[in-house]
Amino acid sequence: MIEFAMSAWSTWWLLLVLLTGWVTSDLYVHGSEVQKPHIVFVVADDLGWNDISYNNPDVITPTLDKLAREGVILNQSYVQPVCTPTRASFMTGYFPYRLGMQHKVLNRDAPAGVPLNFTFLPQKLKEHGYSTYMIGKWHLGFCKYGFTPDGRGFEHFYGFYNADEGYYNHTVGGYLDLREDLHPDFHRNGTYSTYIFAQKAEEYIANHNQSQPMYLYLPFQSVHGPIMVPQHYLDMYPNIHDTNRRIKSGMITAMDDAVKYLVTSLQKHGMWENTLFVFTTDNGGPANPINAGNNWPLRGSKGTLWEGGTRGVAFVHGNMLQRTGYVNNEMIHAVDWYPSLLELVGGERDPDMDGINVWDTLSKGYPSPRKEFVYNIDVVKDARSGAAIRMGDYKLISGKGGHPDGWVPVPTVDGVWEEHVLMDEYEEMIELGLAPHNKTYLFNIKDDPTEHHDLSKHMPDKVNEMLARLEELKKKLVPAIHPKEEPDKADPRKFGNAWSPGWC
């Protein structure tokens, strides 16, 4: 009778699932219990295409390489050209040109943030039972509480608000930018931030109530400038004779060690087997003499619409992935993480959202439902103005593709980049064939991922089709939120010598 009763219960449960769709195949079912996965979303700042070992064996990233090869390497994962717009895409599921976040980044004195009428991902995940944590770089506005991580759905926050800061003194412009929730932390001077963030992740994981699923968003400061790293990481690269490239490489390995510490913490506390681990950059590497990122063989750099600025290193790992151990060549964009993670936990996307649910692409290797995306639409008249769109295999750039342009190899010759080189002189070091500032380009990215062959003169009908599509999308353009800076109001001396909200 017991055997029969259990069988009847199992049959009833299966019927309920099939009829109601209450449980998706992406949630674990243990008997009658549904367990939502933990989500760990790691962002590397300014990590270039050629700055990870599975693309460049000269870089030492054994942990990231192992996770990527065990999981799914995302070979066409696109991000925005710079920090703030990509992070806004992660958090909202909308393209930046629809948020007003398409022009440059939010500066420290800017009285602005992502508009509050947009629900951030952690706010939505809380509705589905998640505890929400953030560690690291925010860069989405902080002039008032509503713009801060604490005001946008994170129950726990440790990190900094601005674009960059010293890795050891944690200051910007001479004032502290490091805090636990709303409380400045003046006690970490001299400790490398990559270590601090890894240790804080261990603390949050150890104290997490495991009756709830965890969402941990960990956007490292690494490997953004100012570039600096402990000496023993420099010693790991004796064969790199360019000073800044050697520092950058050491920073990447230090971040890899931090990820190893993070994974070990999740394993130690019994959470790893039920964790979806996402790793992505926020934009291409800054391929210049000072910051020494590298996107070879892709064209361009951080801050440009070329593939080197927008085609990002990314992978996923986790037991909920049904197909693993391969390179996925399907198209996804930063805006797609929001609806895809919502699908994983049983939620639904805003019907007006730009992001598309690509969970079946990530987890099963199915063809991506995404057939087009907008690299950016920026109509502000300056060096960044320009637009680009991808439709199928074709990419169109209208206006400024951005500089630096060209194909920048890894600097290896002693002294080549050791002096501060003016950008005009640096451009002369790059392969010939640099783009003029204003032009229309057409590339077949499938056949020509390095953007060497402009097809615009040979395919005028395709150019007109894609220009027309851009004009249609521009109807939803929100004017760029780029207000005049207010340094007097933002002055950290008014807030205990720490960059703080409460002035706009």
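Okay, housekeeping. Since the model is predicted, local features need pLDDT of at least 70 and side-chain atom pairs count only at pLDDT 80 or more, while totals for chains, interfaces and linings use all residues. Residues are numbered from 1 along each chain as its sequence is written, and side-chain values use heavy atoms, with hydrogens and water left out.

Let's start inside. The largest nonpolar core has 55 residues. By that I mean buried Ala, Val, Leu, Ile, Met, Phe, Trp, Tyr and Cys residues joined through side-chain atoms within 4.5 Å. Buried is under 20% relative accessible area, exposed is over 50%, and partly exposed is in between, with a 1.4 Å probe and protein chains only. Leu 262, Phe 277 and Phe 279 have the most contacts inside this core, and its largest share, 10 residues, comes from helix H7, residues 243–268. Helices (H or I, at least four residues) and strands (E, at least two) are DSSP runs, numbered from the N terminus.

Take Phe 277. Not counting residues up to four places away in sequence, Phe 277 touches a list including Val 40, Leu 67, Leu 262, Trp 272 and Phe 315; contact here is heavy atoms within 4.5 Å. Leu 67 is also one of the buried residues of helix H2, residues 62–70, and the buried residues of H2 pack against strand E4 (72–78), H7, strand E12 (275–281) and strand E14 (314–317).

Next, Tyr 192. You'll find Tyr 192 in the loop between strand E10 (183–184) and helix H5 (193–207). Is Tyr 192 buried or exposed? Buried, at 1% relative accessibility. A polar atom of the Tyr 192 side chain lies 2.8 Å from the backbone oxygen of Met 228. Beyond its neighbours within four places in sequence, Tyr 192 is in contact with residues including Tyr 167, Tyr 168, Pro 230 and Met 251.

On to the rings. There are 27 aromatic pairs, counting rings of Phe, Tyr and Trp (its six-membered ring) with centres within 6.5 Å; planes under 30 degrees apart are stacked, over 60 edge-to-face, and the rest tilted. Phe 41 and Tyr 217 have ring centres 6.2 Å apart and planes at 50°, so that pair is tilted. Phe 41 sits in strand E3 (residues 38–44) and Tyr 217 in strand E11 (residues 214–219), so the pair ties together parts 176 residues apart in sequence. Compare Phe 160 and Phe 197: centres 6.4 Å apart, planes at 10°, so stacked. Phe 160 and Phe 197 are both buried.

Last, the charges. The whole structure has 27 salt bridges, meaning a side-chain nitrogen of Lys or Arg within 4 Å of a carboxyl oxygen of Asp or Glu. In the one between Arg 98 and Asp 352, the closest N and O atoms are 2.7 Å apart. Arg 98 counts as buried at 11% relative accessibility, whereas Asp 352 is partly exposed at 40%. Asp 336 and Arg 370 also meet in a salt bridge, 2.7 Å from N to O. Here Asp 336 is buried at 1%, and Arg 370 is buried at 4%. And one to look up on your own screens: Asp 45, Arg 87, Lys 137 and Asp 282 are linked in a network of salt bridges.

Conventions. Polar contact = N/O pair within 3.5 Å; in protein donor to acceptor, adjacent residues only side chain to side chain.
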